[in-house]
Amino acid sequence: LICNGCEYANSIREFEGRSLEDNCPFCRHPAPESEEEIYVTAMKRIEANDPVALCQMGGKLFHEGDYKTAFEYLSKAAGLGDFQAHFNLAVMYGVGQGVEEDEKKMNYHLEEAAIGGHP
């Protein structure tokens, strides 16, 4: 179900011949098309402390082998409540990549991820 206001706005949009564009849910601008635009958009989200963007950047850096910086991004995202970041930190602590192996911290982050809904 949608509210009457949304239905009305959609009927006006259809009457004017405008379609729904793929806009970013964060900034409401059209989706970026180039790698540079994607990077700029991601950095805006990171500067605004968007936990999802922080976690995505942490994951990207982790896969590139920059474990120290990945840990910083993931820690910040986890502190803001991102359950995926908690899971990624648990993996890092579990295998000792970028951090010293620590079973207690691994279990803490696994529990936080599970509480947040991570399977």
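Predicted model: local features only at pLDDT ≥ 70, side-chain atom pairs only at ≥ 80, totals over all residues.
Two packed helices are described by the angle between their axes and the distance between the axes. For helix α3 (residues 51-64) and helix α4 (residues 67-79), the axes come within 8 Å and cross at roughly 160°. Angles over 145 degrees count as roughly antiparallel, and α3 and α4 are therefore roughly antiparallel to each other. Their crossing is left-handed. On the side of α3, the contact is made by Pro51, Leu54, Cys55, Met57, Gly58, Gly59, Leu61 and Phe62. The residues contributed by α4 are Tyr67, Thr69, Ala70, Tyr73, Leu74, Lys76 and Ala77. Sorted by class, the contact of α3 with α4 has eleven nonpolar residues, three polar residues and one charged residue.

Helix α4 also packs against α5, at an angle of about 140° and with the axes 8 Å apart. This angle makes α4 oblique to α5. The crossing of α4 and α5 is left-handed. From α4, the residues in this contact are Tyr67, Phe71, Leu74, Ser75, Ala77 and Ala78. From α5, they are Ala85, His86, Asn88, Leu89, Met92 and Tyr93. The contact of α4 with α5 comprises nine nonpolar and three polar residues, and no charged ones. Tyr67, Leu74 and Ala77 of α4 take part in the contact with α3 and also in the contact with α5.

A further pair is formed by helix α5 (residues 83-95) and helix α6 (residues 103-116), whose axes come within 8 Å and cross at roughly 155°. That angle makes α5 roughly antiparallel to α6. The crossing of α5 and α6 is left-handed. In α5, the residues that meet α6 are Phe83, His86, Phe87, Leu89, Ala90, Tyr93 and Gly94. Their partners in α6 are Lys105, Met106, Tyr108, His109, Leu110, Glu112, Ala113 and Gly116. The contact of α5 with α6 divides into nine nonpolar, four polar and two charged residues. His86, Leu89 and Tyr93 of α5 belong to the contact with α4 and also to the contact with α6.

Rolling a probe the size of a water molecule over the atoms shows where empty space is left. The largest share, seven residues, comes from α2. By class, the lining of the largest pocket holds six nonpolar, two polar and three charged residues.

Notes. Residues numbered from 1 in each chain as written. Heavy atoms only, no water. Axes fitted to C-alpha atoms, helices over the stretch in contact; angles between N-to-C directions. Helix = DSSP H or I, 4+ residues; strand = E, 2+ residues; numbered from the N terminus. Parallel < 35°, antiparallel > 145°, perpendicular 65-115°, else oblique. Left-handed = near helix turned anticlockwise from the far one by under 90°. Contact = heavy atoms within 4.5 Å. Nonpolar A, V, L, I, M, F, W, Y, C, P; charged D, E, K, R; others polar.
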